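Here are my notes on this one, point by point. Have a look at the model first, then read on.

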Amino acid sequence: MALTRRVSSSIPHFFGFAERSFKSYKLPGGPSSSSSLTHGIHVFHCPDQVGIVAKLSECIASRGGNILGADIFVPVKKNVFYSRNEFLFDPVKWPREQMDEDFLNLSKLFSATRSVVRVPDLDPKFKIDLLHRWQEGRLPVEITCVISNHERGPNTHVIRFLERNNIPYHFLNTTKENKREGEILELVLDTDFLVLARYMQILSGNFLRTYGKDVINIHHGLLPSFKGGNPSKQAFDAGVKLIGATSHFVTEELDSGPIIEQMVERVSHRDNLESFVQKSENLERQCLAKAMRSYCELRVLPYEENRTVVF
């Protein structure tokens, strides 16, 4: 499990990461200039009506901001509006507190279901997995801790990596009868979101309600055809030609939450079982990394009962 804003993970562990910041842009004037333009992101979800885009643009422009990109989605006959804007602004001219107030006023004006603004250079960092992508700088997060329900020996690759990077590691021996959810909650309550990576225990409804924030899961695309033990071998023996991975939000219903990201890859008669499994596991890592990046960059919004908008 991996988490954010003081995160943890289960791979059978939980991982914790913090978001890395976007680059700041200097104003004209060279090194002597005391101000810089900073990157901001705003997402908006409200009932549709005339004038929303104009008001959002006016809000940013009136404070000296400049929109870099805007994504808008208005489903046909749904009377609902989604948008995501990236913009540059001068934090001296538009202080962070004033920005929150300005977008809050827009939220009230349009009775918004969701209005979220992030300034990665200024805001607290997200915390949550994927150790090597984090180390290579390919994920906008920093790891805070790892929680595992499979004990790792002191000289294993994972433990050596965690020790080198001063990342706390927690081992909790869970069973079907005792999932130790209370202890896990103590470790993750201060996180922004949780990511499950090959966590084979089902989180209870009580855990999800108590945690109260988003939980993201990753699983291979061999379900539901190949269930139970060793699904990769089952699929390999069946001669499948496409494998896949799905990352989704966790709900009380097993593997049925809103989908964030999916990926597929071809396999062939030239693959042996080892290369088949390797392709499947690599696909899971790529899919989870893409879902996490989209989530951290505020690209994912809930849509209808069990769907998502991903800008």
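1. Surface first: accessible areas here come from the Shrake-Rupley method with a 1.4 Å probe, and for residues only the protein chains shown count as cover. On that basis the chain has an accessible surface of about 15700 Å², 50% of it belonging to carbon and sulfur atoms.

2. Ground rules. This is a predicted model, so local features need pLDDT of at least 70 and side-chain atom pairs count only at pLDDT 80 or more, while totals for chains, interfaces and linings use all residues. Numbering runs from 1 along each chain as its sequence is written, and side-chain values use heavy atoms, with hydrogens and water left out.

3. Confidence. pLDDT (the predictor's confidence in each residue, from 0 to 100) averages 83 over the chain, and 82% of the residues score at least 70. Please treat the start with care: pLDDT stays under 50 over residues 1–13 and again over residues 15–34. The model still gives the former stretch 113 contacts (heavy atoms within 4.5 Å) beyond four places in sequence, and the latter 85.

4. Fold inventory. I get eight helices and 16 strands, taken as DSSP runs numbered from the N terminus (helices H or I, at least four residues; strands E, at least two). Of the 311 residues, 46% are buried, where buried means under 20% relative accessible area, exposed over 50%, and partly exposed in between (1.4 Å probe, protein chains only).

5. Helix H5. Which residues of H5 (residues 181–188) are buried? They are Glu-181, Ile-184, Leu-185 and Val-188. Viewed down the axis, the buried residues of H5 fall within an arc of 100° (taken from the directions from the helix axis to the C-beta atoms), so they line one face of the helix.

6. Cysteines. There are zero disulfides (pairs of cysteine sulfur atoms within 2.5 Å) in the structure. Cys-46 is buried at 1% relative accessible area, and Cys-296 is buried at 1% too.

7. Salt bridges. The whole structure has 15, each a side-chain nitrogen of Lys or Arg within 4 Å of a carboxyl oxygen of Asp or Glu. In helix H1 (residues 52–61), Glu-58 and Lys-55 sit three residues apart, about one helical turn, and they pair with their closest N and O atoms 3.8 Å apart. Glu-58 is partly exposed at 47%, as is Lys-55 at 36%.

8. Towards the end of my list, Glu-297 bridges to Arg-299 at 2.9 Å between the closest N and O atoms, and Glu-297 is buried at 10% relative accessibility. Arg-307 and Glu-304 form a salt bridge at 3.1 Å between the closest N and O atoms. Shared partners join Arg-84, Glu-86, Arg-293, Glu-297 and Arg-299 into one salt-bridge network.
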